[in-house]
Amino acid sequence: RARARQVRLLYIRVMASSCAPAATARLAATLPARTRTFARGLATRNDRRGGARPNRPGAARVPLVFATSTDPKAAAESVDGDIIANNAASLDGKLRTLVVGVADERGDELLAHRNRDPGVLFRHQRWVDAYKLPGQYITITDVDSGKQITKPISVSPYHARSTAPNSDVSVIEILLDSGSDDGDENFFAAAQPPARLKVSPVRGGGFENPLFPEYNLKRAIEHGHSIVCIAGGTRGVGPLRSVMNWPDVSSHAGTHPVTLFYLHAGDMETAGQSAAYVQEWDNWREAGAKVVPCYGEFFDDGVFQMQAAIAGSANGGGKFETVLGKDPSKVTVLMAGVSGEESKAVLNIFSTLQKVPKEQILVVSEFALKKGK
């Protein structure tokens, strides 16, 4: 489908360079809505360059349409998407990575529209442009069944953008549990290509403190903080994977302690068979981060394993032996997917016992109150 769309766009460009704007407009009327907007822009551009004028007989005026960040209606619209792949995210195959292709045409950006007045935005804004920080999320809806889920994106903004410059499709991933208590999540965990989707705009502010929004992941990196990530099982490791793979954090891990605590990583006997992204743990460690899987139940084993790592007696790899560094006031904690009772225990460990300032304990916006497993 993406190939067919690109062929249509190429054909439109040829038409626009050799035909009257009215002809291009008639062609545009036969195309899907997003491609139609692009074609109409070409028609008007051709008109301005000396093609058939709108007031000439047989010519029709075609409005030039731009998608801008200041148009709330355009920003709120969902876009077309497709399931590209459904891959195993855990060794036992129960956790799934849903790879989603989002229609994200380059549109009028290809026309090099630029306005000399910096106060007027004419550049085409793409869907992926809204994905700026790890921890942001989307809602996907299956076109045929109407089933819907809201999940954090599990690839970093850099990875999502790397697919965008030379393609009309942006590719993102979300982590799903095929054995969850959510029927819609189980449906998507079993879905296969080429299922058709509607994909919402990217939402949320990433990891932040709901009471003090100025405290966020970017600030932590800029101020040279040690970073502690606490993933509450599947719901937490998805958005925290986007943190660990973000180049800003990978670079930071080479000079400052970065630690991932993976709660509910499975049973000691299975040694991570049911944990997500095990194959990527060594990559994170090579970048300098410490990865500490906490097997068993949190209040039986997880708390002990977390405290042991803070004390320096747990081997999670990475460049630094310490988790918190020398100054607890320069530590930022990121939590995702952690249940209410577990959150209290984590706050007690880091804020009460280790003296990490509470305003530097961050959560995924909109997911802070969701119970993790």
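What follows is a short chat about a predicted model and some of its packing.

Reader: What kind of model is this, and which atoms do side-chain values use?
Author: It's a predicted model, where local features need pLDDT of at least 70, side-chain atom pairs count only at pLDDT 80 or more, and totals for chains, interfaces and linings use all residues. Residues are numbered from 1 along each chain as its sequence is written, hydrogens and water are left out, and side-chain values use heavy atoms.

Reader: How many helices and strands does the chain have?
Author: Both are DSSP runs numbered from the N terminus: helices are H or I with at least four residues, strands are E with at least two. Going by that, the chain has 12 helices and 12 strands.

Reader: Are helix 11 and helix 12 roughly parallel or roughly antiparallel?
Author: Axes are lines fitted to C-alpha atoms, for helices over the stretch in contact, and angles run from 0 to 180 degrees between N-to-C directions. The axes of helix 11 (residues 298-311) and helix 12 (residues 340-353) come within 12 Å and cross at roughly 25 degrees. Angles under 35 degrees count as roughly parallel, over 145 as roughly antiparallel, 65 to 115 as roughly perpendicular and the rest as oblique. The two helices are therefore roughly parallel.

Reader: Which residues of helix 12 make the contact with helix 11?
Author: Contact here means heavy atoms within 4.5 Å. Helix 11 brings Phe298, Phe299, Val303, Met306, Gln307 and Ile310. On the helix 12 side, you get Glu341, Glu342, Ala345, Val346, Ile349, Phe350 and Leu353.

Reader: How is the aromatic pair of tyrosine 262 and tryptophan 281 arranged?
Author: Rings of Phe, Tyr and Trp (its six-membered ring) pair if their centres lie within 6.5 Å; planes under 30 degrees apart count as stacked, over 60 as edge-to-face and the rest as tilted. This pair sits at 6.0 Å centre to centre with 70 degrees between the planes, which makes the arrangement edge-to-face.

Reader: Is phenylalanine 299 buried or exposed?
Author: Buried means under 20% relative accessible area, exposed over 50%, partly exposed in between (1.4 Å probe, protein chains only). Phenylalanine 298 has 2% relative accessibility, so that residue counts as buried. Phenylalanine 299 comes in at 51%, so its label is exposed.

Reader: Where is alanine 289, and which residues does alanine 289 touch?
Author: Look in the loop between helix 10 and strand 10 (290-294). At 3% relative accessibility, alanine 289 counts as buried. Not counting residues up to four places away in sequence, alanine 289 touches Met244, Ala253, Val258, Trp284, Gly316, Gly317 and Gly318.
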